[in-house]
Amino acid sequence: MFTFIHAADIHLDSPLRGLELAEDAPLDQIRGATRRAFDNLVELAIGEHVAFVLIAGDLYDDDWKDFNTGLFFNQRMVRLKEAGIKVFIVSGNHDAASQISKTLRLPDNVHLFSTRKPETLILEELEVAIHGQSFASRSVTEDLSGNFPRAVGKHFNIGLLHTALTGREGHAPYAPCTLDGLKAKGYHYWALGHVHQREVVNETPWIVFPGNIQGRHIRETGSKGCTLVTVDGGEVTQIEHQPLDVLCWQRCLVDVSDCQNVDEVYEQTQACLEKALAAGDGRPVIARLELHGSSPVHQKLQAQGAYLSEEFRNLALDLGGQGLWLERVRFKTREQLDLETFMQSDEALGSLVKNLLELDLAAKSPHDIDPEIDAFLNKLPPELRSGEDPFDPTADEQWQELRTDIQNLLVAQLLESGGAQ
């Protein structure tokens, strides 16, 4: 029996993005989160006496700013070497051969798979065969797994691959492959990387995305870590998610539809933040607070938005001390209106509101309304359209939200101008 660790998407020294934290937040601690999470991985490997560690791509987050990143990694690999632990790595789109210009000789317990063709390494003492291939360039569009060899007989076979598989939302379709194609190789375990959300794709054979080891922005919420795999008699007997992250991202969605005043909104918000803090399981939490719903206090929330944002930040501080911060506060509420009764009236304004709500806003994209929309978007500040939470009305989800917001805004303004409120 032996155990191994399957990790991926370390993104060593990647910054945590999109933060709008209070001045007293421990920014140095936050900036070093990926290193501290990687230290947790090393400690786990040593503590569990694993036979080897697999890293399925994106060890680095593009080229290093200086050699400190490589030195840090090598120092941790030496610790694993002293513990008798081997490490096997494939590069992915972020740390492809074409992306990393600086290099350091790796310790001899670390093997980086070739970019030219698949390699197979045999660990005779464990009767294990590890097959892998690294990315030569950032954009790999062919199915690398297609050239992987068939399983080595009488060995526990592992495929190490950075891939989008058949496609995953929010991830570029690099090295696409199919579930049937992976199964056909006859391997016992496919150690995948690239997708930052943990996912057990298949169990016979095991095909697993462990997710990244540290969430870096609000789209990477929840527990992050690696997968600890136990093998006995040539079969996987257990796989366990092992948390490694040192900071946890959470989204706090507060429905204020039933709130009759700001005090009730405050109470609902407090309950949501307490839940987020508990979900951190002792780790510091960075949360995005979003208030939504059709509410009678909509206008007060909008009018006092700046003040309430600071109140909520202070509430987070009271609840969590140095363990809870708000990344951003968003007010996405709407006015609560008795439109059904209003539209049944004989008033001309009621008829206009009814027609407005029935207005065809079913255009599939803003291009259907204005073919020149791209020219307008290109004039927007780059920072508005980039980062981890970009403004892109051409994206389906944002377009649906915009349509709803436009409709509600038009109705609210019409009623206000008509004296219906």
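1. Axes here are lines fitted to C-alpha atoms, for helices over the stretch in contact, and angles between N-to-C directions run from 0 to 180 degrees. Helices (H or I, at least four residues) and strands (E, at least two) are DSSP runs, numbered from the N terminus. The model is predicted: local features need pLDDT of at least 70, side-chain atom pairs count only at pLDDT 80 or more, and totals for chains, interfaces and linings use all residues. Residues are numbered from 1 along each chain as its sequence is written, and side-chain values use heavy atoms, with hydrogens and water left out.

2. Helix H2 (residues 33–47) packs with helix H3 (residues 68–82) at an angle of about 15°, the axes being 10 Å apart. H2 is therefore roughly parallel to H3 (angles under 35 degrees count as roughly parallel, over 145 as roughly antiparallel, 65 to 115 as roughly perpendicular and the rest as oblique). The two helices cross in a right-handed sense; a crossing is right-handed if the near helix is turned clockwise from the far one by less than a right angle, and left-handed if anticlockwise.

3. On the H2 side the contact (heavy atoms within 4.5 Å) is made by Arg-35, Phe-38, Asp-39, Val-42, Glu-43, Ala-45 and Ile-46. H3 contributes Asn-68, Thr-69, Phe-72, Phe-73, Arg-76, Met-77, Arg-79 and Leu-80. The residues of this contact comprise 8 nonpolar, 2 polar and 5 charged. In this division Ala, Val, Leu, Ile, Met, Phe, Trp, Tyr, Cys and Pro count as nonpolar, Asp, Glu, Lys and Arg as charged, and the others, Gly among them, as polar.

4. Thr-3 belongs to strand S1 (residues 2–7). With a relative accessibility of 14%, Thr-3 counts as buried (buried is under 20% relative accessible area, exposed over 50%, partly exposed in between, with a 1.4 Å probe and protein chains only). Leaving aside neighbours within four places in sequence, the contacts of Thr-3 are Glu-48, His-49, Val-50, Ala-51, Phe-52, Leu-228, Val-229 and Thr-230.

5. Rings of Phe, Tyr and Trp (its six-membered ring) pair if their centres lie within 6.5 Å; planes under 30 degrees apart count as stacked, over 60 as edge-to-face and the rest as tilted. By this rule there are 12 aromatic pairs. One of them, Phe-4 with Phe-52, is stacked, at 5.0 Å centre to centre and 10° between the planes. Phe-4 lies in S1 and Phe-52 in strand S2 (residues 52–56), so this pair ties together parts 48 residues apart in sequence.

6. Phe-52 also pairs with Phe-88, edge-to-face, at 6.0 Å centre to centre and 80° between the planes. Since Phe-88 lies in strand S3 (residues 86–90) and Phe-52 in S2, the pair ties together parts 36 residues apart in sequence. Phe-4 is buried, as are Phe-52, with a relative accessible area of 0%, and Phe-88, at 4%. Ring pairs link Phe-2, Phe-4, Phe-52, Phe-88, Phe-156 and Tyr-189 into a cluster.

7. Most residues other than glycine have a negative phi, and most peptide bonds are trans. Thr-204 and Pro-205 are joined by a cis peptide bond, with omega about 0°. Pro-205 sits in the loop between strand S9 (199–203) and strand S10 (206–209).

8. Asp-58, which is not a glycine, has a positive phi, near 55°. Asp-58 is in the loop between S2 and H3 and counts as buried at 1% relative accessibility. Asp-62 is found in the loop between S2 and H3 and has a positive phi of about 70°. Asp-62 is partly exposed, with a relative accessible area of 24%.
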